Every structure is written in C-alpha cells, then in structure tokens.
Amino acid sequence: MEIVFQAHYRRIGCTPAEAAKATLSRLESWGHIGPLPEKVALLPADGFIETGSRRWEIMTGPGRHSPEPVMLYDQENGVLIAGDQILPGGTPHLGATPEDPTATPARHYAACLDRLEEKVRPDALVLPGHGLPFRGLDHQIAQARAYMARRRGQISALCKSQPMGIRALAEAVFRSKIRGSLIFTVADILACVNQLSEEGLIALCDADGGLMALARPQK
C-alpha cells in the first residue's frame with residue numbers, strides 16, 4: 001500500500017519528500033480509526049426512529065464525505081442532526097484519495113444539498129458535527145454551492161492557457177495553506193479536476209510531469 005500511495009502522490013506532482021510524508025500521514029491516519037463492529041444494523045433509508053416524544057426521519061446520503069452518511073430530521077420541531085454533511089461556513093472535506101483517485105465526491109454532495117433543500121424547512125435548527133448549532137439552512141446551502149462553483153471556476157481559469165499538475169493547482173488555489181495540509185488540498189483539487197473532466201470541461205493526460213489538466217475550449 002505504501003508503494004501505491006507514494007506513486008499516487010508523485011503522479012499528481014508532489015516531490016519525493018512530499019510524497020513520502022503524505023503517504024506516512026495517510027497510513028498513520030488509519031491508526032486513529034477503531035476496528036469495525038462485528039455486527040451492524042443498517043438504518044432504513046427514508047425510515048423513522050423514535051426517541052422519547054420525538055420522531056426522526058432517517059436521511060441517508062449521498063455525500064461521499066463518509067461511506068454512508070446519516071442525518072436525522074425532526075420535522076415537527078424543526079431540528080436537523082446533520083453530522084458532517086452541513087457545516088457552518090464551509091463544506092465537509094470532499095477529496096479524491098489514493099484509495100479512490102478518480103472520485104467525484106462534490107457531485108454526490110451537490111445531490112445531498114438538493115435533497116436537504118427539498119425536505120428540510122429553512123428555519124430548522126441545524127446541529128452540525130463541528131461548530132455551533134445554527135439556523136439558516138438555506139443560506140448555508142447557498143454558501144456551499146457558491147464555494148464549489150468558485151473552486152471550479154478557479155481551476156478552469158488556471159488551466160486555460162497551459163496544462164497544470166494537481167500539486168501546482170493546489171499551490172495556486174490554496175497558496176500558503178498548502179504547507180500544513182498538503183494531503184487535503186491536493187485531494188480537494190484532484191476531486192474537482194475529476195468532475196470537470198467527466199463533464200468535458202477539462203482534458204486530463206499523463207505526461208513526464210505526471211497527471212496534467214488543460215481546460216477544453218468552450219463554444
């Protein structure tokens with residue numbers, strides 16, 4: 001696995017030292033995850049569970065921040081337990097990892113936002129997995145969509161005149177932030193590039209410098 005991970009990071013433009021460090025960090029992160037339980041009981045999609053006087057609708061994915069994200073919604077009292085699917089002031093990490101380098105998690109997350117907008121009242125109290133509870137779900141959904149659209153626009157503009165590698169794109173987009181969070185920033189950019197490629201807006205090719213992206217001319 002170590003060889004596979006290092007090859008992935010080298011392919012997307014990381015230096016040998018960066019690839020070794022990113023691989024070590026990725027492998028070490030697995031040690032923070034406990035073993036899976038021997039038995040699990042899957043919650044029924046679009047079903048309900050009751051706790052005391054509250055009746056919670058089970059809202060499962062799509063999301064891709066985690067394999068099977070679950071949110072619980074109490075429509076009568078206007079409360080949404082959102083986990084990491086809705087976070088104040090941002091989006092969950094939506095990256096393409098060495099384990100799944102062709103992933104397009106933002107596409108799945110956009111579908112999740114559409115579903116939330118359709119089913120959850122905008123004045124609901126949202127209990128996120130990080131940060132303080134908040135109201136104003138419609139505003140947060142709009143912010144998340146704007147963030148994803150802005151990232152797409154940045155990448156398309158940077159690739160318009162010349163091919164660029166994933167590592168170089170991350171440097172241009174995130175600037176100094178890349179120093180302390182390389183594995184997250186390159187994963188974010190790779191996922192967005194994958195989606196733009198699927199939509200025919202960017203061409204991907206392997207060259208001497210690794211995986212390169214170039215914006216396709218639009219009619």
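**Exercise 1.** Which residues are buried in α3? Work this out on the predicted model, then find what covers them.

*Solution.* Start with the helix itself: α3 takes in residues 105-119, 15 residues in all. From first C-alpha to last, α3 reaches 21 Å, close to the 21 Å expected at 1.5 Å a residue. Next, pick out the buried positions: Pro 105, Ala 106, Tyr 109, Cys 112, Leu 113, Arg 115 and Leu 116. Finally, look at the cover over these buried residues, which includes the strands β2 (54-60), β3 (70-74) and β4 (79-83), plus the helices α4 (137-158) and α6 (182-198).

**Exercise 2.** Describe how α1 and α2 pack.

*Solution.* Take the geometry to begin with. Helix α1 (residues 2-11) meets helix α2 (residues 16-30) at an angle of about 130 degrees, and their axes lie 8 Å apart. Angles over 145 degrees would count as roughly antiparallel and 65 to 115 as roughly perpendicular, so α1 is oblique to α2. The crossing is right-handed. Now for who touches whom: α1 brings Glu 2, Phe 5, Gln 6, Tyr 9 and Arg 10, while α2 brings Pro 16, Ala 19, Ala 20, Ala 22, Thr 23, Arg 26, Leu 27 and Trp 30. Sort these and you get eight nonpolar, two polar and three charged residues.

**Exercise 3.** Is Leu 190 buried or exposed, and what does Leu 190 touch?

*Solution.* Find Leu 190 in helix α6. Its relative accessible area is 2%; the cut-off for buried is under 20%, so Leu 190 is buried. Leaving out residues up to four places away in sequence, Leu 190 touches His 8, Ile 12, Ala 96, Pro 101, Ile 166 and Leu 211.

Notes: Residues numbered from 1 in each chain as written. Predicted model: local features only at pLDDT ≥ 70, side-chain atom pairs only at ≥ 80, totals over all residues. Heavy atoms only, no water. Helix = DSSP H or I, 4+ residues; strand = E, 2+ residues; numbered from the N terminus. Expected span 1.5 Å × (residues − 1). Buried < 20%, exposed > 50% of the residue type's maximum accessible area, 1.4 Å probe, protein only. Contact = heavy atoms within 4.5 Å. Axes fitted to C-alpha atoms, helices over the stretch in contact; angles between N-to-C directions. Parallel < 35°, antiparallel > 145°, perpendicular 65-115°, else oblique. Left-handed = near helix turned anticlockwise from the far one by under 90°. Nonpolar A, V, L, I, M, F, W, Y, C, P; charged D, E, K, R; others polar.
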